[in-house]
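Trainee: I would like to go through the labels used for this model and ask what stands behind each of them.
Mentor: Go ahead.

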Amino acid sequence: MKKHEVHILKKSAGFGGMKEELAKEVEHFLDEKVNQGYEIVNISFTYYEASELIAFITICR
């Protein structure tokens, strides 16, 4: 049985280029996890009160 993990990464609106910065963080995080043998299940992005961009990442091993 595969073990699933959910990770949350976020960026506040106070930073310029919030989308690009979060996308780079997500890419770096996923590169590390894939190298550790994890499989990417799902990635979704959402805004919270228009002040934060949040990435929900589900991985499994």
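Trainee: Why is lysine 11 called buried?
Mentor: Buried means under 20% relative accessible area, exposed means over 50%, and partly exposed lies in between (1.4 Å probe, protein chains only). Lysine 11 has 13% relative accessibility, so lysine 11 counts as buried. Bear in mind that this is a predicted model, in which local features need pLDDT of at least 70 and side-chain atom pairs count only at pLDDT 80 or more, while totals for chains, interfaces and linings use all residues. Side-chain values use heavy atoms, with hydrogens and water left out, and residues are numbered from 1 along each chain as its sequence is written.

Trainee: What makes lysine 11 and glutamate 25 a salt bridge?
Mentor: The term requires a side-chain nitrogen of Lys or Arg within 4 Å of a carboxyl oxygen of Asp or Glu. For lysine 11 and glutamate 25 the closest N and O atoms are 2.9 Å apart, and the pair forms a salt bridge. Because lysine 11 lies in strand E1 and glutamate 25 in helix H1, the pair ties together parts that are 14 residues apart in sequence. Helices (H or I, at least four residues) and strands (E, at least two) are DSSP runs, numbered from the N terminus.

Trainee: What joins Lys11, Glu21 and Glu25 into one network?
Mentor: Salt bridges that share partners do. Lysine 11 also forms a salt bridge with glutamate 21, with the closest N and O atoms 3.5 Å apart. That pair links lysine 11 in strand E1 to glutamate 21 in helix H1, 10 residues apart.

Trainee: Why are the two glutamates called partly exposed?
Mentor: Glutamate 21 has 30% relative accessibility, so glutamate 21 counts as partly exposed. Glutamate 25 is partly exposed as well, with a relative accessible area of 31%.

Trainee: How many salt bridges are found in the whole structure?
Mentor: A search finds four. One of them is between glutamate 39 and lysine 2, whose closest N and O atoms are 2.9 Å apart. Glutamate 39 lies in strand E2 and lysine 2 in the segment before E1, so this pair ties together parts that are 37 residues apart in sequence. Glutamate 39 is partly exposed at a relative accessible area of 40%, and lysine 2 is partly exposed at 46%.

Trainee: How do you know which strands pair in the sheet?
Mentor: Two strands pair if DSSP finds at least two bridges between them. E2 and strand E3 (residues 52-60) have nine bridges and pair in the antiparallel sense. Threonine 46, for example, stands opposite isoleucine 54 in E3, and serine 44 has phenylalanine 56 as its bridge partner in E3. The open sheet has three strands in the order E1-E3-E2, with antiparallel pairing.

Trainee: What makes E1 and E2 the edge strands?
Mentor: Strand E1 (4-12) and strand E2 (39-48) each pair on one side only.

Trainee: What lies between E2 and E3 in the hairpin?
Mentor: Three residues lie between them, and glutamate 49 in the turn has a positive phi of about 50 degrees.

Trainee: Why is asparagine 35 called exposed?
Mentor: Asparagine 35 has a relative accessible area of 71%, so the residue is exposed. Asparagine 35 lies in helix H1 (residues 18-35).

Trainee: Is isoleucine 40 buried, partly exposed or exposed?
Mentor: Isoleucine 40 has a relative accessible area of 38%, so the label is partly exposed. Isoleucine 40 lies in strand E2.
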